[in-house]
Amino acid sequence: NGNADIKASSPLNIDSAVSVGGDATFEATEDGGDDDHITVSADVESTGGGLLTFNAGADYQQTAGSVSTAGNVDINADYDGSGTGVINQSGGDISAATLYADAPGTITLSSAANDADALEAHSTTAGDIQYTDTGAIELADVDTADGAIDVTAGGQITATDVASLTDADANDITLTSTGAGIEAALIDAGGTDGDVTLDAQGGAITQDGVDDSDDVVADVLTADAAGGIDVDTTVAGVDASTSAAGDILLDEADAVALTAIDTSDGAIDITSVGQITATAVDSSAVDDDSNDIILTSSGAGIQAVSVTAGAGQANDVTLDAQGGAITDDGVAATDVTGDELIAGALSGIKLDTQVESLDAENTDNAINITNTGELTLADLGQTAGSSLININGNADIKASSPLNIDSAVSVGGDAT
């Protein structure tokens, strides 16, 4: 029914089971060297849900046994402040409400049987953090001063605050849920070199509901989900894919390259403040008029290399370049495929298309459309009664089959 406080001025080894009713502290420090390790090779339990604390002057090592409490577990390497210490779990497991882990070096708690409700872990000098959990986990505050972060859980991952604080290509963040989804509230890999990978094998990738730009901060975001993907980002590139029904919704704070975006059955809606480069965007797996593609740049243009909503059956494409032009990649290949195309730009539209209907509006420079198949210029919702408006420029519309002008056309220059 009581507590326990065990201190050693040299290594402390737990070779047989320990059971207390309250709190227990195990400490190995102050022998003047860096060999003050704590090694756990047997069960350590608080039957009353007390706090289990391990203060190692150097390393915390767990080779076997179960460290368990309904309360919290607090593991500290380098407790004497010498600057040397790691946390390493080569066997056994830890069960707790919140697991705290602090070390100047690496933190490796990779037992598949670990079961904590929340994790707070800090590698304060240089080292990676690796953590595995059998169930759901909240990453309440996880960061490395200079290292990568890799977390795998069997249940839902809630990434409340996850950061690799040195922006380097080696300091990536990888979160994997093998049985559920991932909620991204704040995941920061630096924005220039560090990448983020989110793999939700049993559910959706969601955000915290706050309209910000730091759900994910990275160089490249790779996101795979068995459901929808909805995050606010500050990233240079995105590779996102869904393996089950669900939309992809991205709100980007700067320019972004959409290197590979595809849905198994869902719409794609991406908004960016800066330039959008749509290298490969595809919602055509289910072409049923519900899986449209919408790309919006509020401050720049859109380059459409390959945007495929379907084979002209039902899904539509909207390109809205509010601060620039809509351009292709200069290659004579289809840039946009879909049923209806709505294109709005400030400074020009040039596309090779395979669409059934077109509604295009532009302010300066030319509109150039080359369409494969029959094309109808129609009012699709931009300006009532109009299908094509180019205020200060020319228009050149080509179709390799019948061309139908069903709504008004107005240009400031020549039109062909």
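The legends below describe close-up views of several residues in a predicted model. Local features are given where pLDDT is at least 70, and side-chain atom pairs count only at pLDDT 80 or more, while totals for chains, interfaces and linings use all residues. Residues are numbered from 1 along each chain as its sequence is written, and side-chain values use heavy atoms, with hydrogens and water left out.

**View 1. Glu252, a buried residue without a salt bridge.** Glu252 lies in strand S27, residues 248-252 (strands are DSSP runs of E with at least two residues, numbered from the N terminus). Glu252 is buried (under 20% relative accessible area, with a 1.4 Å probe and protein chains only), and the nearest side chain of opposite charge, that of Lys350, is 27 Å away; Lys and Arg count as positive and Asp and Glu as negative, whereas His and the chain ends are not counted. A salt bridge would need a side-chain nitrogen of Lys or Arg within 4 Å of a carboxyl oxygen of Asp or Glu. The side chain of Glu252 does make a polar contact of 2.5 Å with the side chain of Thr233 (a pair of N or O atoms within 3.5 Å, of which, within protein, one must be able to donate a hydrogen and the other to accept it, and residues adjacent in sequence count only if both atoms are side-chain atoms). A polar atom of the Glu252 side chain also lies 2.9 Å from the backbone nitrogen of Asp254.

**View 2. Asn315, a buried loop residue.** Asn315 sits in the loop between strand S34 (307-308) and strand S35 (317-321), and it counts as buried because its relative accessibility is 0%. A polar atom of the Asn315 side chain lies 3.3 Å from the backbone nitrogen of Asp288. Beyond four places in sequence, the residues in contact with Asn315 (heavy atoms within 4.5 Å) include Asp289, Ala309 and Gly338.

**View 3. Asp289 and Asn365, two loop residues with positive phi.** Asp289, in the loop between strand S31 (281-282) and strand S32 (293-297), has a positive phi of about 75 degrees although it is not a glycine. Asn365, in the loop between strand S40 (357-362) and strand S41 (367-371), has a phi near 70 degrees. Asp289 counts as partly exposed because its relative accessibility is 45% (partly exposed lies between the limits for buried, under 20%, and exposed, over 50%), and Asn365 is partly exposed at 48%.

How values were computed:
Helix = DSSP H or I, 4+ residues; strand = E, 2+ residues; numbered from the N terminus.
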